[in-house]
Amino acid sequence: MTILPALLQVRQLYDSDPSMFKAAGSQAARLSGLGRTMTIAGTVVFIIVMAILLFAMWRRRNEPAVDGPPLPVNETAWVLYGGAAIPALILAGIFFLTLGAFRSSRLPADPALTIEVIGHQWWWEVRYPGQQVETANEIHLPVGQPVKILLRSADVIHSFWVPNLAGKTDVIPGHENATWLEADGAGTWRGECAEYCGMQHAHMALSVVAQPAGDFARWIRNERAAAVAPSDSGVLEGMHTFLNAQCVYCHTVRGTQATGTVGPDLTHFASRLTIASGTLPNTRGNLGGWILNPDRVKPGTKMPAVQLSGGELQAILAYLETLR
Ligand code: CUA
């Protein structure tokens, strides 16, 4: 029997993270309610249809086959009601429930904050307009407040999806889309790119961190500031190594001569949870491996390998770790 493993797998999917069934915000709550209703309705219909099918097979076995004469009226009624009328009714019900969910998930008129999110192959640029904050692969927002997300693409079509907080919205080149997020409580959720966008589509994740208002304001203040100047001689050496390496052609560290805009802004890199767009936790070991051979972590990535001696790598790592 393959049905038990299949059911266990469904259960596992239901429990895994991120999950649209574990709503952590008002928009997600409505969508997951709709998802649940549709799942239950689909299951009930499936069970009834299968039961009728089994019954028909059983009856045919026990009755002599009939050839020729048309179906009696009561059996064409099965086709009319079972095949057209009842499905039309169920689908109409789901259609109106869906319209209701769309209506109630419309962007609130007065969002507390607007955040720009730009999809790149394969990472997310995150900006807070008017606040001089620029980061990557991580969105911070205040708890309990609707936040508008403006979506743009730098290259191909991506799709922005944070299942625990909201439905997905496509990110389309040459067009600005908008969605919104609202988290009921503090927490961190994983978002994904939900539209195939090339080789590393699967490694295009982001974290959404909802914080109480005070913590969020502190985070914004810290992000807005330029990078801390090194006080330690080892770190200073790391900074010089970084500024003389090819890193500066693609990355910005505000407050230094590094002003590249191809890759993520690294001004407060050390405070981020992950590297390579949710691919690895932000640890020194992972970062070292990523810098020396990015293609091994994420084949096809636009980040080139950097030729460094052991000492140069350690110096750069020591410097990057101070960019909190
Ligand atoms: Cu970006 Cu898939």
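Reader: How many salt bridges does the rule find across the interface of domain 2 and domain 3?

Author: A salt bridge is a side-chain nitrogen of Lys or Arg within 4 Å of a carboxyl oxygen of Asp or Glu. Across the interface of domain 2 and domain 3 the rule finds zero. Please note that this is a predicted model, in which local features need pLDDT of at least 70 and side-chain atom pairs count only at pLDDT 80 or more, while totals for chains, interfaces and linings use all residues. Residues are numbered from 1 along each chain as its sequence is written, and side-chain values use heavy atoms, with hydrogens and water left out.

Reader: Into which domains is the protein chain divided?

Author: Domain bounds come from an automatic or database domain assignment. Here the division gives domain 1 (26–104), domain 2 (113–220) and domain 3 (233–320). Between domain 2 and domain 3, the C-alpha centres are 22 Å apart. Each of these two domains gives 19 residues to the contact, where contact means heavy atoms within 4.5 Å.

Reader: What area is buried between domain 2 and domain 3?

Author: The size of an interface is often given as the accessible area lost when the parts come together. Buried area is the accessible area (1.4 Å probe) that two parts lose on being put together, summed over both. For domain 2 and domain 3 the value is about 1500 Å², and carbon and sulfur atoms give 48% of it.

Reader: How many residue pairs are in polar contact between domain 2 and domain 3?

Author: A polar contact is a pair of N or O atoms within 3.5 Å; within protein, one must be able to donate a hydrogen and the other to accept it, and residues adjacent in sequence count only if both atoms are side-chain atoms. The count between domain 2 and domain 3 is 10 residue pairs, both residues being at pLDDT 80 or more. On the side of domain 2 that touches domain 3, two or more residues come from each of strand S2 (123–128), strand S3 (133–136), strand S9 (187–193) and S10.

Reader: In what order do the strands of the open sheet that contains S3 and S2 stand?

Author: Helices (H or I, at least four residues) and strands (E, at least two) are DSSP runs, numbered from the N terminus, and two strands pair if DSSP finds at least two bridges between them. This open sheet of five strands has the order S3-S2-S1-S5-S8, with mixed pairing. S3 and strand S8 (177–181) are the edges, each with a single partner strand, so one side of each has no neighbour in the sheet.

Reader: Where is Trp122 found, and where is Asn137?

Author: Most residues other than glycine have a negative phi, and most peptide bonds are trans. Trp122 is in the loop between S1 and S2, and the peptide bond from Gln121 to Trp122 is cis, with omega near -5 degrees. Asn137 is in the loop between S3 and S4, and its phi is positive, near 60 degrees.
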